[in-house]
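Q: Hi! Could you walk me through this structure, starting with the ligand?

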Amino acid sequence: MDGYDSRAPDGCAVVVGTGGLGRALAGALDARGGHVRVMLAGRGGEPFCDLTDEQTVAALAHRVWDTGLPLRTVIIATGFLHGPGPNPHQVFAPEKTWRHLDPGHMAHAFAVNAIGPALVAKHLLPLFPASRRCVFAALSAKVGSIGDNQTGGWYAYRASKAALNQIIRTASIELARSRPLSLCVAIHPGTVETPLSAPHAKAGLTVRQPDQAAARILDTLDGLHPEDSGRFWSYDGKELPW
Ligand SMILES: NC(=O)c1ccc[n+]([C@@H]2O[C@H](COP(=O)([O-])OP(=O)(O)OC[C@H]3O[C@@H](n4cnc5c(N)ncnc54)[C@H](OP(=O)(O)O)[C@@H]3O)[C@@H](O)[C@H]2O)c1
C-alpha cells in the first residue's frame with residue numbers, strides 16, 4: 001500500500017502551533033496511535049518554538065533527532081490573521097481596502113505565515129528518511145488562492161498564504177529528488193471555530209469544531225499519494241487552485 005496510514009504505529013510526528021487546530025491535530029494524531037511519539041511545539045508548547053526565531057526552530061529539529069525515532073509527519077498549524085504584531089501595542093486587523101495597507105502588518109504576516117513555515121521546512125525536511133513515506137503539510141487558507149480570489153481585501157493574509165503555497169510547491173520539488181515516497185502539501189482546513197476565525201466567521205458559513213476539522217484533515221492526508229505532493233488540498237480531499 002503506498003497510501004499513508006497514520007494508524008500504523010511508527011516514528012515521530014511534530015505539530016507546530018498550539019492554537020485551536022494545532023492542539024486538535026496533535027490530539028487526533030495521538031488518539032490514532034500511528035506514531036510512537038507526537039510532539040506539540042509552539043509558543044505554548046513543549047518544545048517551545050517561535051517561528052520568528054530561527055534558533056528555536058533549529059532547536060526543535062535537534063529535539064526530534066534526539067528522540068532517535070524517524071520523523072514521519074510534520075503539520076504546521078501556526079498562523080496570523082489579526083492581533084498584535086511584534087510590538088504588542090500595535091494591533092492589526094485584516095485590511096478592507098488598500099488605504100489600510102501597513103508595512104509592519106504585512107511584514108509580520110509574512111514572517112509568521114510564510115517565512116516561519118519555510119524555516120520549519122529547512123530544519124525538519126532533512127530529517128525525513130529517504131526510503132519511507134513521510135508527510136509535510138502546512139495549513140494554508142483558501143483565501144490565499146490567487147485563482148479563487150473573488151472578493152479582494154485581506155491583503156497581508158492572502159499574500160502571505162500565497163507565498164506559503166509557493167514555498168510548499170518549491171520544497172515539494174526538492175523533496176521529490178531525494179525522498180520520492182514523501183509528500184509536501186498545503187492544506188485548507190475549512191472554516192473552524194478558533195481565535196483566528198472568531199471575529200470573521202460570516203453568517204451562513206459552515207463553521208466546524210477543531211476536532212471535526214482535524215479528523216477531516218488527517219483523513220485527507222492519509223489518502224494522498226506521492227504524485228499528490230506539491231499541491232493545494234482542501235480538508236475534504238478536493239484540490240484547490242493556486
Ligand atoms: N480557523 C479557520 O477558520 C482557518 C481557516 C483557514 C485557514 N486557517 C489556518 O489554520 C492554521 C491554524 O489556525 P487556527 O485556526 O488554529 O488559529 P489559532 O487558534 O489562532 O492558532 C494559531 C496559532 O499560531 C500561533 N502562532 C502565531 N505566531 C506564531 C509564532 N511566531 N511562532 C509560533 N506560533 C505562532 C499562535 O500562537 P499563540 O497561541 O502563542 O498566539 C496560535 O497558537 C493557520 O495557518 C490559519 O491561517 C484557519
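A: Happy to! A backbone N or O atom of Leu-196 lies 3.4 Å from an oxygen atom of the ligand. Keep in mind that this is a predicted model.

Q: What about Tyr-157, how far is an N or O atom in its side chain from a ligand oxygen?
A: That distance is 2.6 Å. There is also a polar backbone atom of Gly-79, which sits 3.1 Å from an oxygen atom of the ligand.

Q: And how much of the ligand's accessible area does the protein cover?
A: The protein covers 87% of it, where the ligand on its own has 890 Å².

Q: Which elements give two or more residues to the shell around the ligand?
A: Those are helix H1 (20-32) and helix H4 (155-178).

Q: How many residues are in that shell, and which are the closest?
A: The ligand is surrounded by 27 residues, and the closest are Gly-20, Thr-78, Tyr-157, Lys-161 and Thr-194. Split by class, the shell has 12 nonpolar, 12 polar and 3 charged residues.

Q: Let's switch to salt bridges. How many does a search of the whole structure find?
A: It finds 8. One of them joins the side chains of Asp-10 and Arg-132, at 1.9 Å from N to O. This pair links distant parts of the chain, 122 residues apart: Asp-10 is in the segment before strand E1 (12-16), and Arg-132 is in the loop between H3 and strand E6 (135-139).

Q: Which residues are linked with them in a network?
A: Arg-72 joins Asp-10 and Arg-132 in a network of salt bridges.

Q: Where does Asp-219 come in, and what is its salt-bridge partner?
A: Asp-219 pairs with Arg-32, with the closest N and O atoms 2.9 Å apart. That bridge connects helix H5 (residues 210-222), where Asp-219 sits, to Arg-32 in helix H1, 187 residues apart.

Q: Last one, the surface. Which residues make the nonpolar patch of about 340 Å²?
A: Trp-98, Leu-101 and Tyr-155 make that patch. Trp-98 lies in the loop between strand E5 (91-92) and helix H3 (103-124).

Q: Why does Trp-98 count as exposed?
A: Because its relative accessibility is 65%, and exposed means over 50%.

Terms used: Residues numbered from 1 in each chain as written. Predicted model: local features only at pLDDT ≥ 70, side-chain atom pairs only at ≥ 80, totals over all residues. Heavy atoms only, no water. Near = heavy atom within 4 Å. Polar contact = N/O pair within 3.5 Å; in protein donor to acceptor, adjacent residues only side chain to side chain. Areas by Shrake-Rupley, 256 points an atom, 1.4 Å probe, with all protein chains shown as cover. Helix = DSSP H or I, 4+ residues; strand = E, 2+ residues; numbered from the N terminus. Nonpolar A, V, L, I, M, F, W, Y, C, P; charged D, E, K, R; others polar. Patch = residues over 30% accessible without salt bridge, like charges linked within 9 Å, V, L, I, M, F, W, Y side chains within 5 Å. Salt bridge = Lys/Arg side-chain N within 4 Å of Asp/Glu carboxyl O. Buried < 20%, exposed > 50% of the residue type's maximum accessible area, 1.4 Å probe, protein only.
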